[in-house]
Amino acid sequence: MTKDDPNTPNAMKSPLSRRTVLKGMGAGAALAAGGVLPGAFQGARAAQSLNYMCWEGYNAPAILDPFQKANDVQISVDLITDSAGGFAKLAAGAYRAFDLVSSDSPWIARMGPAGIDRFIDDAEFADQYAEFYPQFRAPFAPLQYEGKATGLPTRWGWVGPTVNTKFDKLETWSSYAPVFDPAYRDKICLLDWGDWPIMPLALYAGVNPYKELDKNELDEVRKVLRAAFKNTRAIVGDLAIAQKGLLDGSFRCLIGGGSYCTSSLRLAGHDYVQSIVPEPRNGLKQGIIWMEATGLLDNGNDPTLAKKFLKYIVSPDVAVKLAITEATCNLVPNQKAEALFTPEQKSALQMDYMWHAWDNSLFHTIAPNIDDMLAIWQEELAAR
Amino acid sequence: MRIDRKSWRDPLLLGTTVPLTLLMIVFFLVPLAMTGILSFQTTKYYRLIWTWDLATWRDVFGKPFYWTIMLRTVAMSLVCVVLSLAIAMPVAYALATRLGSLQRHVTILITFAFLTDAVLKTFGWILVLDKNGVLNWGLSYLGFGPQALNLLFTPSATMIGMVYNLAVYPMFTIYLSLVRIDRDLQLAAYDAGASRLRTFFEVTLPLSKPGLYAGAVLVFVLSLGAFLEPKVMGGGNSPMASELIRQSFETRVNWPLGAALTLVLIVIGALSLAISALVAMRRRRVASPA
């Protein structure tokens with residue numbers, strides 16, 4: 001759950017040379033890529049094979065099976081557990097063994113300039129873009145590099161307070177102020193999900209974390225994190241623990257998760273749990289939009305089938321399956337898919353709120369000072 | 001086996017030692033060396049930058065909070081050892097001397113508990129220790145009021161989880177020591193007029209020391225590396241070294257830092273073991289001066 005930095009081209013230089021040096025390790029990395037070898041054997045049964053690195057949900061049989069049957073192809077999946085790790089594996093040479101990748105959008109965006117992903121021709125995907133909400137249509141800025149796109153957006157959502165309205169009013173969370181309120185001491189849960197919980201708290205401190213920060217601004221981030229930690233009951237990495245606490249009221253609010261924590265609970269009937277975006281503060285938007293994207297790996301093989309899969313996975317009926325998975329439920333960029341969701345699914349995804357969230361949020365990218373902010377997070381956490 | 005100066009040419013010796021040596025090199029020394037190499041790299045924007053730099057080590061030695069966490073981990077591990085032995089000793093003693101025909105059944109039950117997935121067991125404690133958990137429900141039933149204990153997401157919860165998951169190791173090692181004690185020695189103590197308590201402290205306990213020592217070492221080493229319990233039950237309060245390492249790798253994606261901290265933890269563990277081994281050897285020499 002990490003995003004790109006604005007200095008991408010420079011940041012790419014060292015890793016690229018590293019990648020060149022590590023050519024020999026590529027084969028090893030490919031072998032280490034888990035699903036690849038089994039896929040090679042399974043592929044013998046089908047006329048063609050695709051190797052796919054993706055987040056959980058993209059690998060659902062309901063998504064993969066119809067494509068495999070229709071195209072006589074065997075798809076082997078390697079699940080990503082963190083975007084940076086997936087990127088590192090591909091950059092170390094495993095990109096040669098894969099055909100497709102679905103990851104957090106900034107990582108997909110940086111795969112193009114890094115020579116890992118192919119740039120796609122927007123015109124070739126004009127039919128797909130035409131089905132997307134206007135906000136996601138070509139040229140879609142977050143995936144653009146020098147006028148070329150790397151991949152297509154596939155899932156999205158927002159980061160904001162997740163509230164159980166049985167215990168708290170939503171209006172209370174029109175600001176992050178309760179995180180620091182003594183009345184909420186030991187009632188807040190921060191999600192230990194990389195930069196996700198840092199960014200909204202920085203925004204509350206009046207710092208735009210997606211810009212280059214000076215020392216004073218980093219000090220502000222430290223202060224706000226320290227204050228939040230003092231008032232927080234738990235910093236939790238496991239979603240199930242956080243959701244349990246939210247449901248039984250021992251956590252009044254989850255910070256750093258947003259719609260990713262909410263939709264599956266709402267679909268399970270807990271529609272009194274909601275994720276919102278606080279109101280802008282001092283002219284600074286307080287919400288964050290995250291997005292996942294799918295790209296084609298530049299592995300030297302014919303990408304025809306991979307392109308077909310890319311078109312397939314953003315198609316309306318598949319997008320619905322991708323939105324509603326066993327683990328999580330998330331929004332998709334396909335506008336036509338909206339008509340295919342049931343009212344319950346729409347409610348679970350808070351579709352009536354999504355554009356309000358979009359309008360009041362910044363787009364999540366890798367911040368220039370992310371290393372500093374993560375170090376501050378860890379230092380303050382260690383001092384708890 | 002007779003080993004002479006030319007033993008490296010001995011095919012039998014080569015056949016028995018070379019595979020093990022290769023395994024140790026491939027699965028222990030090589031990963032350790034790679035971890036060492038990784039610790040001299042740097043990261044930027046979540047990316048590993050291939051270079052040779054002491055920045056990570058300067059951080060590790062220059063920032064006190066890393067050492068606070070390391071010392072806390074050692075302290076928590078020592079407390080875990082004491083608590084685990086305190087629980088394991090009576091259980092093992094009862095198992096070896098008191099349970100009679102039930103011995104086998106109880107052993108099987110303990111084994112089943114031991115084999116149950118630690119993740120499952122640790123998550124189970126949440127239902128017990130939470131504000132709305134079984135423990136508080138029981139206490140409120142007894143008149144202590146609602147949410148009398150706020151244990152979950154505290155260092156105490158971490159300790160409960162660690163002791164629960166690790167106490168079984170000394171149970172087995174102590175049990176094995178106890179069943180090997182020559183019963184005649186205890187009977188001789190009784191014949192000499194010793195009470196049961198005195199017999200226990202002067203005969204049984206000293207003779208069960210190998211099991212106690214082995215159990216203590218096992219619990220200590222495993223406690224040093226405990227990450228599940230702090231992650232699930234600690235709630236980010238008083239984090240331990242392995243949680244710090246996990247965060248460095250997973251959350252910060254700072255692999256050089258994770259590698260450096262891993263090496264520090266390995267050195268602490270190795271030094272602790274070396275010191276305890278030296279103490280044990282010295283005591284053995286004192287006990288048998290001849």
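Author: Let's begin in a loop of chain A: Glu146(A) sits between β4 and β5 (148-149). Keep in mind that this is a predicted model.

Reader: Why is Glu146(A) called exposed?

Author: Exposed means over 50% relative accessible area. Glu146(A) has 64% relative accessibility, so it counts as exposed.

Reader: And what is the phi of Glu146(A)?

Author: Glu146(A) has a positive phi of about 50 degrees, although this residue is not a glycine. That deserves a remark because most residues other than glycine have a negative phi.

Reader: Which loop holds Asn282(A), and what is its phi?

Author: Asn282(A) is in the loop between β11 (273-275) and β12 (287-296) of chain A. Its phi is positive too, at about 50 degrees, and Asn282(A) is not a glycine either.

Reader: How do you know whether Asn282(A) is buried or exposed?

Author: Set the value against the cut-off: exposed means over 50%. The relative accessible area of Asn282(A) is 73%, so the residue is exposed.

Reader: What makes the bond from Ala138(A) to Pro139(A) worth a look?

Author: The peptide bond between these two residues is cis, with omega near -5 degrees. In general, most peptide bonds are trans. You will find Pro139(A) in the loop between α7 (126-131) and β4 (144-145) of chain A.

Reader: Let's turn to a helix. How do you know that the length of α16 (residues 370-382) of chain A agrees with what a helix should span?

Author: The expected span is 1.5 Å times one less than the number of residues. For the 13 residues of α16(A) this gives 18 Å, and the end C-alpha atoms are 18 Å apart, so the two values agree.

Reader: What makes α16(A) "mostly covered"?

Author: Eleven of the 13 residues in α16(A) are buried, and buried means under 20% relative accessible area. Among them are Ile370(A), Met373(A), Trp377(A) and Leu381(A). Looking at chain A as a whole, 62% of its 384 residues count as buried.

Reader: Now to chain B. Why is Thr56(B) called buried?

Author: Its relative accessibility is 8%, and the limit for buried is under 20%, so Thr56(B) counts as buried. This residue belongs to helix α2 (residues 55-62) of chain B.

Reader: Which residues does Thr56(B) touch?

Author: Leaving aside residues up to four places away in sequence, Thr56(B) touches Ser39(B), Gln41(B), Pro256(B), Leu257(B) and Ala260(B).

Reader: How many cavities of 30 Å³ or more are there?

Author: The count comes to four. The largest cavity holds about 70 Å³ of space. Of the 13 residues that line this largest cavity, those closest to its centre are Asp192(A), Ile235(A), Gly236(B), Glu243(B) and Arg246(B).

Reader: Which element gives the most to that lining?

Author: α13(B) does, with three residues. By class, the lining of the largest cavity has five nonpolar, four polar and four charged residues.

Reader: And how confident is the predictor in chain B?

Author: On a scale from 0 to 100, the mean pLDDT of chain B is 89, and 96% of its residues reach 70 or more. Within chain B, confidence is lowest in strand β2 (residues 47-49), at a mean of 80, and highest in helix α7 (residues 155-166), at 96. The model scores ipTM 0.82 and pTM 0.84.

Notes: Residues numbered from 1 in each chain as written. Chains lettered and ligands numbered in written order. Predicted model: local features only at pLDDT ≥ 70, side-chain atom pairs only at ≥ 80, totals over all residues. Heavy atoms only, no water. 1 Å grid on protein atoms, 1.4 Å probe; cavity = no way out; pocket = protein on both sides within 12 Å on 5 of 7 lines; lining within 4 Å. Points joined across faces, edges and corners; volume = space filled by probe spheres on them. Helix = DSSP H or I, 4+ residues; strand = E, 2+ residues; numbered from the N terminus. Nonpolar A, V, L, I, M, F, W, Y, C, P; charged D, E, K, R; others polar. Buried < 20%, exposed > 50% of the residue type's maximum accessible area, 1.4 Å probe, protein only. Contact = heavy atoms within 4.5 Å.
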